[in-house]
Amino acid sequence: LASTDSATDSVESCLDCLLKALVNNNTEASVKIQEMGILPLLPTLLNPQSSCTPKVANIIAEVAKNEFMRSPCVEAGLIPPLIQLLNSTDQEVLLQTGRALGNICYDSHEGRSAVDLAGGAQIVAEHIKSLYQNTEPENEKLLTVFCGMLMNYSNDNDSLQAQLINMGVIPTLVKLLGIHSHNTALTEMCLIAFGNLAELESSKEQFASTNIAEELVRLFQKQTEHEKKEMIFEVLAPLAENDVIKLQLVEAGLVECLLEVVAQTVDGEREEDIAQLKTASDLMVLLLLGDESMQKLFEGGKGSVFQRVLSWIPSHNHQLQLAGALAIANFARNDGNCIHMVDTGIVQKLLELLDRHVEEGNVTVQHAALSALRNLAIPVVNKSKMLSAGVADVVLKFLQSEMPPVQFKLLGTLRMLIDTQAEAADQLGTNGKLVERLVEWCEAKDHAGVMGESNRLLSALIRHSKSKEVVRTVIQGGGVKHLVTMATSEHMIMQNEALVALGLIAALDLVAAEKDFVGASLVSVLHKLLSDERSAPEIKYNSMILICAVMGSEPLHKEVQSLAFIDVVSKLRAHENKTVSHQASLTEQRLTAQS
């Protein structure tokens, strides 16, 4: 090979010899090729005019199957001449060159950079664009190699994936998938390439402008093997995160396919059945996260899909129970749907499911069922119906849960249920066990969500019941100090809820609360809120109401005097908000009268 004057025939036989050795024992032969310094001899043999060229490219492709040979191939300067060969019209040259470049790029940063530098991806993409309509077997083989090369080139590399997306390969590959869906090897390459590209946000818009949804659903319907279905699922999941594509998938009939998979695998014991059931039901829930796709499947509560999902809830399979409850939570994203669902008896199904899980204790199912109930309780007309159905009693069974996600949803559900429902707020607010647990959760520093929700529920019990009994229960449970802390929250809505609740405590039982108010430095908290320029008008208004309410207590009155509230309040008389300025005048009068 090294002798310059060697005849083509002797070069050919040398190359045949090398290929034979590689077929026999690829790894060992590659080590020898490396040790004997053959790689640097190959660039000159990669001559577009030479008949040996396909064999040389084939040798490089074989050698590059070994990870340890990829960097040496780049160092030997093989990439530029290989990329030159991509301009050839000879099918065999293109095939072997595509293989060689694809193998050098596989899991190799150096390989990809060298191909990127020499502009190889662009040429391959152009080839695919010009060849995709041709269904001859030889051409399909070449397309498979080229798709594989682009896949290896861009795998796990965001910037190279973005480069391919900008070249417009997505529309071409989608068309290719439609035309060659009969060719297993080629469709697999396409699917893996889609799986790679679909992870990038920028790809979703391009995918949405093609008929990818129809093609994937059509392909899915034809599959019988678990592995192939899984491959399609892996492309569907990232694509279905996009709302436009969600709707396209629903319109293309994906939901019917998923329901079919669920029906086939629900009683399956095999690992692949369990995996498929999970993937299909998860994907179903994902499709319901889009507003349009969700409404389309709800069909005013008459939809066959909606009905099928309902039947999952009483199932004996935890995965289906979970998906069913999550699906209901997704359907319950607007008032109309919620009202219809409560009227058609869904609450009972969810309560039965929760009852089973007091014992079975599957946390994800508990969380999902509580999410659904919380969403259903948002419309005002549903609250009393759900309370009569016994939702609060079932929810309270989970008070002992040690799982923050379950605690969080349980609190949210109760808070939604008692909103504007005085009787229910009264009942729950005088439940010592509940109040005790809320006070405990108000200290859950590790779980901000649970801490915030328990504070909000504590305040809601007082605000909606306006009951002296509830106030007493909260004072005895040690809840007052938490409400004072809540008044300093960074969320205005929570500050306000706290101030209103504290105002009711002061109005309904100041004597019993006095000690806690002093201990929690309520007066200085109010002073801060009134002095702070950034406090919202309603915060200022409710703080002044509260100042007036605590004046009836001697120790609190003393604190008010010592902090010179008069100065702060008189400034607020000029406040642009009429309600605030009016309240400032009244508060100033009150402070002056009692000083």
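Student: How many helices and strands does the secondary structure of the protein chain come to?

Tutor: The chain comes to 39 helices and 0 strands, where helices are DSSP runs of H or I with at least four residues and strands are runs of E with at least two, numbered from the N terminus. This is a predicted model, in which local features need pLDDT of at least 70, side-chain atom pairs count only at pLDDT 80 or more, and totals for chains, interfaces and linings use all residues. Residues are numbered from 1 along each chain as its sequence is written, and side-chain values use heavy atoms, with hydrogens and water left out.

Student: What share of the residues of the protein chain counts as buried?

Tutor: Buried means under 20% relative accessible area, with a 1.4 Å probe and protein chains only, and 56% of the 595 residues count as such.

Student: Which residues touch the most other members of the largest nonpolar core?

Tutor: A nonpolar core is a set of buried Ala, Val, Leu, Ile, Met, Phe, Trp, Tyr and Cys residues joined through side-chain atoms within 4.5 Å, and among the 213 residues of the largest one, Leu376 and Phe517 touch the most other members. Helix α34 (residues 492–519) gives the most to this core, with 11 residues.

Key. Buried < 20%, exposed > 50% of the residue type's maximum accessible area, 1.4 Å probe, protein only.
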